[in-house]
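Reader: Can you take me through this one? I'd like to go topic by topic.

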Amino acid sequence: DPVTAEDGLLVRLRAQSAGSITKGSAVLYRNTRVGRIIGVSLASNATIVEVDAVIDAGFARLVRDNSRFWDASGVGVDFGLFRGLSVEAGSIDAVLRGAVAFATPTNPGRVVDAGHEFDLQPAPESKWLEWAPVIPLDRTKN
């Protein structure tokens with residue numbers, strides 16, 4: 001099914017490997033599900049993996065041009081990476097099944113358009129986990 005603006009913001013993540021990320025994997029922000037993976041495929045030249053994600057409409061403003069995405073699939077082994085964040089059974093399940101996480105800097109950049117591309121890092125840099133931007137959400141869209 002094609003993704004519409006009402007569904008949310010479509011972004012493409014470029015990765016060296018798909019890891020355990022599959023269609024249906026969660027997209028997490030602060031360990032909370034805010035979207036999902038809708039497709040994983042090899043690029044047309046087979047040099048990278050392209051991961052298509054939809055950020056739910058009510059959370060789309062969290063994604064900025066300076067946001068950073070990473071593969072959160074193996075993070076369950078060391079939840080110390082999520083210092084101070086609560087870990088719920090649902091998020092543990094998402095991590096074990098494959099998940100992508102992202103963070104946005106305390107000084108967020110500009111809102112991105114549908115189709116914006118980001119590199120998917122294998123793990124987060126520690127400073128990303130400390131970012132805490134104030135971004136009003138549109139709760140009417142969730």
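Author: Let's begin with a definition: rings of Phe, Tyr and Trp, the last by its six-membered ring, pair if their centres lie within 6.5 Å. By that rule, ring pairs link Tyr29, Phe69, Phe102 and Phe118 into a cluster. Keep in mind that this is a predicted model.

Reader: How many aromatic pairs does a search of the whole structure find?

Author: The search finds five. In one of them, tyrosine 29 and phenylalanine 102 have ring centres 5.0 Å apart and planes at 50 degrees, so the pair is tilted. Tyrosine 29 belongs to strand 2 (residues 26–29) and phenylalanine 102 to strand 6 (residues 99–103), 73 residues apart, and the pair links these distant parts of the chain.

Reader: Is phenylalanine 102 buried or exposed?

Author: Phenylalanine 102 is buried, at 2% relative accessibility. Tyrosine 29 is buried too, with a relative accessible area of 10%. Then there is the pair of phenylalanine 69 and phenylalanine 118: the ring centres are 4.7 Å apart and the planes at 45 degrees, so this pair is tilted. Phenylalanine 69 sits in strand 5 (residues 68–71) and phenylalanine 118 in strand 7 (residues 116–121), so parts 49 residues apart in sequence are tied together.

Reader: And what is the relative accessible area of phenylalanine 69?

Author: It is 1%, so phenylalanine 69 counts as buried, the cut-off being under 20%. Phenylalanine 118 has 6% and is buried.

Reader: Changing topic. In what order do the strands of the barrel run?

Author: The closed barrel has seven strands in the order 1-4-3-2-6-5-7, with mixed pairing. On average, neighbouring strands of this sheet are turned by 35 degrees against each other, direction ignored.

Reader: Do strand 1 and strand 7 pair in the parallel or antiparallel sense, and over how many bridges?

Author: Strand 1 (residues 8–15) and strand 7 are parallel, with four bridges. Arginine 14 stands opposite aspartate 119 in strand 7.

Reader: What about the hairpin of strand 2 and strand 3?

Author: Strand 2 and strand 3 (residues 32–42) run antiparallel and are joined by four bridges. Tyrosine 29, from the aromatic cluster, stands opposite threonine 32 in strand 3. Two residues lie between the strands of this hairpin, and arginine 30 takes a positive phi near 55 degrees. Strand 3 also pairs with strand 4, in the antiparallel sense over seven bridges. That hairpin has six residues between its strands, and alanine 46 in the turn has a positive phi of about 65 degrees.

Reader: Salt bridges next. Which partners does arginine 14 have?

Author: Arginine 14 forms one with glutamate 117, where the closest N and O atoms are 2.7 Å apart. Arginine 14 also forms one with aspartate 119, at 2.9 Å. Arginine 14 lies in strand 1 and aspartate 119 in strand 7, so this pair ties together parts 105 residues apart in sequence. Aspartate 119 is partly exposed at 43%, as is arginine 14 at 27%.

Reader: Which residues do salt bridges with shared partners join into one network?

Author: Arg12, Glu50 and Asp52. The side chains of arginine 12 and aspartate 52 meet at 2.8 Å, N to O. Arginine 12 is partly exposed at 25%, whereas aspartate 52 is buried at 17%.

Reader: Where is glutamate 50, and what does it touch?

Author: Glutamate 50 is in strand 4 (residues 49–56) and is buried, with a relative accessible area of 18%. Leaving out residues up to four places away in sequence, its contacts include Arg12, Leu13 and Gly39.

Technical notes. Residues are numbered from 1 along each chain as its sequence is written. This is a predicted model: local features need pLDDT of at least 70, side-chain atom pairs count only at pLDDT 80 or more; totals for chains, interfaces and linings use all residues. Side-chain values use heavy atoms; hydrogens and water are left out. Buried means under 20% relative accessible area, exposed over 50%, partly exposed in between (1.4 Å probe, protein chains only). Contact means heavy atoms within 4.5 Å. Rings of Phe, Tyr and Trp (its six-membered ring) pair if their centres lie within 6.5 Å; planes under 30 degrees apart count as stacked, over 60 as edge-to-face and the rest as tilted. Two strands pair if DSSP finds at least two bridges between them. Axes are lines fitted to C-alpha atoms, for helices over the stretch in contact, and angles run from 0 to 180 degrees between N-to-C directions. A salt bridge is a side-chain nitrogen of Lys or Arg within 4 Å of a carboxyl oxygen of Asp or Glu.
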